[in-house]
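Here is a short briefing on the pockets of one protein model. Look at the structure first, then read the points.

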Amino acid sequence: METVVSGIRSTGRLHLGNYFGALKNFITMQQENRCYFFIADYHALTTHPDPKALSASVRSVLAEYLACGIDPNTATIYRQSDLVETFELYLALNMQAYLGELMKTTSFKDKARKQPENVNAGLLTYPVLMAADILIHKAHKVPVGKDQEQHLEMTRTFARRFNHFHGMDVFPEPVAYNFGKQLVKVPGLDGSGKMGKSEGENNAIYLADAPEVTRKKIMRALTDQGPTEPNSKPPVFIQNLFTLLGLVSTPDVVKHYKKTYADCSIRYGDLKKQLAEDTLAFIAPIRERIVDIENDTALINRVLKDGAEKARESSSKTLQEVRDLWGFKPF
Ligand code: TYM
């Protein structure tokens, strides 16, 4: 049985990008593997969130994990800040992570540009903490979207470096869960890049959004006058709508709209209405469960407590090995 580690930052709520990038195959994933799902609350600190908002987000992300069908009796679900072993491994890995490679990371350069007033060391070493999250359980596979590909590559580098230094195969070199195929990039509604929490309120479709909010966001998505030449290539923002349709609608529906685009008879209003209704049908059962679970404080506390205990069985073993290899043991 292989080990899978998956993390979501607690900076707001889960959107369709998170779902299709990291959670989509979780039912088979959790049945076929030893799964650790965690909420990355320490990673969220890089942007100095309000503690109340951070705590509310941990609660909602946990409720959303459970509402998506992650089963705490099968998988291990925990909060990153509860597993302190991760932070010791992070510190140890930092000694073999080099300034040059960290400064070249795309996510660091992006964030440094976006928040020039707060370019902190946590931001720089974000990939090292992510590597610690993964390596603490000796994971083989990590379900991630395209935006995390570079971080996963760095995790392999850190694992290889550690193994090589100590002359032992301590850590497997983890690969993406959906290795072999392209990693997923769910586009946002604003026509530019990926769906994301920091790309503006109207860019992302959240699992917990009320139906009228989802409808409004989709109906407002960027479109143009429509194709004038048969069989022309759609601009990126139209292609994005087809991509979203491909995620929530049936192949027949996608085929129909592609055909009407190709013969220039497409009506974007119809396409958006269809996208909105299919998105809602997809989200509805999850959304209903989110509300119930989020209000169940006893359940939430129990899941976090049990999860931390289960996660510790694996993390304490790994940390002991790492400490021994560095020579931190009794004389
Ligand atoms: P976060 O919260 O930004 O994203 C969580 C997961 O959702 C995926 N994702 C997407 N996939 C496809 N299209 C999108 N538009 C999209 N937006 C988000 C991300 O690729 C990610 O898989 N660094 C991680 C959190 C983390 C982690 C880990 C993940 C910390 N430690 C260890 C795995 C293993 C992140 O950025 O989360």
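This is a predicted model: local features need pLDDT of at least 70, side-chain atom pairs count only at pLDDT 80 or more; totals for chains, interfaces and linings use all residues.

Residues are numbered from 1 along each chain as its sequence is written, and side-chain values use heavy atoms, with hydrogens and water left out.

**Largest pocket**
- Its volume is about 1,200 Å³ (the space filled by probe spheres set on grid points, which are joined across faces, edges and corners).
- A pocket is an open set of points on a 1 Å grid over the protein atoms alone, where a 1.4 Å probe fits, with protein on both sides within 12 Å along at least five of seven lines.
- Lining residues have an atom within 4 Å of a point.
- Of the 45 lining residues, Arg9, Tyr126, Asp147, Gln148 and Lys194 are the closest to the centre of the largest pocket.
- H6 (106-114) is among the elements that each supply at least two lining residues, and H6 gives the most, with six.
- Helices (H or I, at least four residues) are DSSP runs, numbered from the N terminus.
- The largest pocket lies between domain 1 (3-177 + 296-326) and domain 2 (197-291), because both give residues to its lining; domain bounds come from an automatic or database domain assignment.

**Second largest pocket**
- This pocket holds about 260 Å³ of space.
- Its 16 lining residues include Lys24, Asn25, Asn178, Lys181 and Val184, the closest to its centre.
- H1 provides the largest share of this lining, four residues.
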